[in-house]
Amino acid sequence: MLEVQHLAVNYRGVCALENVSFRLEPGQVVGVIGPNGAGKSTMLKAILGLIPARSGVVKFRARSLKQQLQQVAYVPQRSQIDWDYPITAWNVVMMARTRHTGWFRQPTCQSEEVVAAALRRVGMLDLRKRQIGELSGGQQQRVFLARSLAQEAELFFFDEPFVGIDKKTEEVIFSIFAELKAVGKTLLVISHDLGESLSQYDNFLLLNKQLIATGSRQKVFTAANIQEAYGYNLNWFAS
Ligand SMILES: Nc1ncnc2c1ncn2[C@@H]1O[C@H](COP(=O)(O)OP(=O)(O)OP(=O)(O)O)[C@@H](O)[C@H]1O
Ligand SMILES: [Mg+2]
């Protein structure tokens with residue numbers, strides 16, 4: 001479904017990602033793991049064409065993904081969002097609907113219903129008129145989750161969605177992941193703090209500039225793979 005072949009990225013001549021190839025099938029929740037600076041965010045951005053790739057091909061349903069970016073909902077890492085930008089929670093979610101309504105048109109009734117349903121699903125409808133900068137970290141994350149739902153995409157990319165949120169919000173996010181998976185969507189989720197949540201994922205990509213391992217939990221979380229990615233052994237990973 002999503003096929004990434006030989007993806008490589010340089011930043012000012014320095015290699016951040018090298019020869020990454022993998023395939024994702026529909027109805028999978030895939031965890032992307034690796035240490036700080038491993039190139040996890042870089043990989044998502046390069047797949048989306050937000051930064052130039054040095055080489056590589058990205059196809060979705062056998063066609064170039066760049067021609068069908070509306071099929072991908074992307075929630076960036078918190079540190080990359082400008083939280084002071086003056087926009088309400090409602091309008092953040094409505095941004096996902098521009099493909100359906102066009103930039104300069106009034107939102108359709110259908111878009112308003114989709115936005116309301118998405119905000120309700122994450123428990124944020126009551127706070128829809130708040131400025132995004134006036135919400136807590138967990139509330140902001142919920143709004144961005146709602147935005148991804150409102151896009152009605154096929155592929156979902158989440159960059160560290162669990163950073164700075166409480167247990168309740170984490171549960172909301174995992175229950176939405178399960179719903180998306182059940183209707184055949186594909187999710188790529190960067191998370192370096194998997195902890196107890198390993199069982200929520202179907203497969204993993206272990207990254208450190210290169211793809212060190214990919215596949216099931218048993219296949220990826222071997223002592224040798226973890227040693228190669230992190231440079232030390234993490235006992236709890238193997239358990
Ligand atoms: N815009 C940029 N210009 C130059 N170098 C960059 C840029 N963005 C990232 N890098 C470098 O590329 C490497 C990969 O960064 P990236 O943000 O993809 O890592 P990551 O795996 O997402 O890390 P983290 O877990 O800290 O989010 C790092 O060494 C980083 O310093
Ligand atoms: Mg990152």
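The model is predicted. The places are helix α8, the hairpin of strands β9 and β10, and residue D159 in strand β7.

**Helix α8**
- Helix α8 covers residues 223-230.
- Four of its residues are buried: N225, I226, A229 and Y230.
- These four lie on the same side of α8, because they cover an arc of only 105 degrees around the axis.
- On the other side of α8, A224 and E228 are exposed.
- G231 comes just after the helix and takes a positive phi of about 80 degrees.

- Strand β9 spans residues 203-208, and strand β10 spans residues 210-215.
- The two strands pair in the antiparallel sense, with 5 bridges.
- N208 stands opposite Q210, which is in β10.
- The hairpin has 1 residue between the strands.
- In this hairpin, K209 has a positive phi near 70 degrees.

**D159 in strand β7**
- D159 is part of strand β7, which runs over residues 155-159.
- D159 is buried, yet it has no salt bridge.
- The nearest side chain of opposite charge is K45, 6.4 Å away.
- A salt bridge needs the side-chain nitrogen within 4 Å of a carboxyl oxygen.
- The side chain of D159 does make a polar contact, at 2.6 Å, with the side chain of S41.
- Leaving aside neighbours within four places in sequence, D159 is in contact with S41, L44, V75, P76, Q77 and I190.

How values were computed:
Residues numbered from 1 in each chain as written. Chains lettered and ligands numbered in written order. Heavy atoms only, no water. Buried < 20%, exposed > 50% of the residue type's maximum accessible area, 1.4 Å probe, protein only. Arc of directions from axis to C-beta. Pairing = 2+ DSSP bridges. Lys, Arg positive; Asp, Glu negative; His and termini not counted. Polar contact = N/O pair within 3.5 Å; in protein donor to acceptor, adjacent residues only side chain to side chain. Contact = heavy atoms within 4.5 Å.
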